[in-house]
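Please read them with the coordinates open.

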Amino acid sequence: RVVWLSCLSTGVFLLGQSPAVARTVGFAGQVGALLATSVLTGVARAFAQPSVYATVPRLVPRAQLGAATARMAAAMQVARILGPAIGGLLHAAVGLPPTAGCSLLLLLAAAGLLADMPKLAQAPGTLQAFSWGDFLAGGRFVFGQPVLCSALFLDMLSVLFGGVTALLPVYADEVLHIGSQGLGLLRAAPAVGAALGSAALAYVHLGARAGSALLAAVAGFGACMVVFGLSTSLPLSTAVLVLSGALDSVSVVIRSSVVQMMSPPTLRGRIAAVNAMFIGSSNELGELESGLAAKAFGTVPAVVGGGVACLLVVFGMGLGVRSLRRLDLSEKAHDGLSA
C-alpha cells in the first residue's frame, strides 16, 4: 500500500506538470499538485519505516538482524547518492515528465517485487479490537526500556546538536569559498560515508561491544563536527563529513537492531513509528537549532558548539546509563523474545 501511495503521488505530479493540465488549471493548480505530491509522499514515508521494521524480523533469522539492518542502511544510502544524481542527469537529457515517468516505472517494479514476496502469517495477538491506548502502546514500551529509550535519545540529541546539513550552503559560500559543485560534494560526503560504513557493518559482528561501539561512534561524530566547524580546507571538510557519515551509520545500525530485537511482535510497528518520530524530530529540529544558533552566535561557533554538546551528551549517557554501556547485541539476538 505504501508503494501504491507513492505511485499515486508520482502520478499526481505527472498530471499536474503535463502541458494540457497546466493550461487548464494554471500556475495555482500546478502548485497545488506539487503540494499534494509532497503530502502523499510524506504519508507514504510515515508508513514505510514502521512497515519495514515490523516485516524484516519475520523474514530474517534473529541472529542475522544486525547484518540485514546494515545492508538495508547501505542500500538506502546508495539510493540517496545515486537517485538525485541519476534524476538530475535524466532531467537534463530528456526533461521533467520522462524523468518522473521513470520514477513511476521503478515504483511499479517495486510493487511487483513486493507482490511476489510470500504472504506473512499474522503474528499471534496482533488481531485485536482497536482502542485509543494503541496510540500510546509503542511509546509506553519504549520509555519502559532503559536501553531502548537511551539509545533513541542518544541518537536524537546527537543529530539535534551535531547536524550541520542546514549550514552547509553557508559554509560553502562564506567559509570554504566554493561554488555549487563544492556544495554538492559536501552534501554527498556524509551519505558516501554512511554507505561505506553500513556496508562494512554487514560483515562485522559487534556483539558484546555494541554499547561501547555506539557511544564511541556518537562521540566520534561530535568530534568530526568540531573539526568541520574549524576547518577552512575543502579536502579536510569533505573527509570529516565522510567519516561523520560512517560513524553515524554505526549508530543507525545498532539503534535499528536494538529496536527490532527488543520489540515484541505485537508492538513492532508501533515501536518503529516511535523510532521514526525520534528520527524525524531530530532532523527537522536539528536544522532549526542550527539556524537559530548560527544567527545568535555565528556559523562557526554554532557548529563547534553543537559538536561539543554532542560530546557532552555521550559523556552523560555513558556515565548515567550503565545498561547502554554494556549493551550486548549477541545476547539480545538469543533472548526469549520471538522474532
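1. Arginine 270 sits in helix H11, which covers residues 268-297. The model is a predicted one, and in it arginine 270 has a relative accessibility of 29%, so this residue counts as partly exposed. The C-alpha of arginine 270 is 7.9 Å from that of glycine 139, although the two are 131 residues apart in sequence.

2. Helix H12 runs over residues 299-320 and has 22 residues.

3. How many aromatic pairs does the structure hold? There is one, formed by tyrosine 171 and phenylalanine 228. The ring centres are 4.8 Å apart and the planes make an angle of 35 degrees, a tilted arrangement. Tyrosine 171 belongs to helix H7 (residues 168-175) and phenylalanine 228 to helix H9 (residues 210-230), so the pair ties together parts that are 57 residues apart in sequence.

4. Helix H8 (residues 180-201) and helix H10 (residues 234-262) have axes that come within 6 Å and cross at roughly 40 degrees. The two helices are therefore oblique to each other, and the crossing of H8 past H10 is right-handed. On the H8 side the contact residues are Leu185, Leu186, Ala189, Pro190, Gly193, Ala194, Gly197, Ser198 and Leu201. Their counterparts in H10 include Leu234, Ser237, Thr238, Leu241 and Val242, and also Gly245, Ala246, Ser249, Val250 and Val253.

5. Histidine 177 deserves a check of the backbone. Its phi is near 55 degrees, a positive value in a residue other than glycine. Most residues other than glycine have a negative phi. Where is histidine 177 found? Histidine 177 lies in the loop between H7 and H8. With a relative accessibility of 61%, histidine 177 counts as exposed, because the cut-off for that class is over 50%.

Conventions:
Residues numbered from 1 in each chain as written. Predicted model: local features only at pLDDT ≥ 70, side-chain atom pairs only at ≥ 80, totals over all residues. Heavy atoms only, no water. Helix = DSSP H or I, 4+ residues; strand = E, 2+ residues; numbered from the N terminus. Buried < 20%, exposed > 50% of the residue type's maximum accessible area, 1.4 Å probe, protein only. Expected span 1.5 Å × (residues − 1). Phe/Tyr/Trp six-rings, centres within 6.5 Å; stacked < 30°, edge-to-face > 60°. Axes fitted to C-alpha atoms, helices over the stretch in contact; angles between N-to-C directions. Parallel < 35°, antiparallel > 145°, perpendicular 65-115°, else oblique. Left-handed = near helix turned anticlockwise from the far one by under 90°. Contact = heavy atoms within 4.5 Å.
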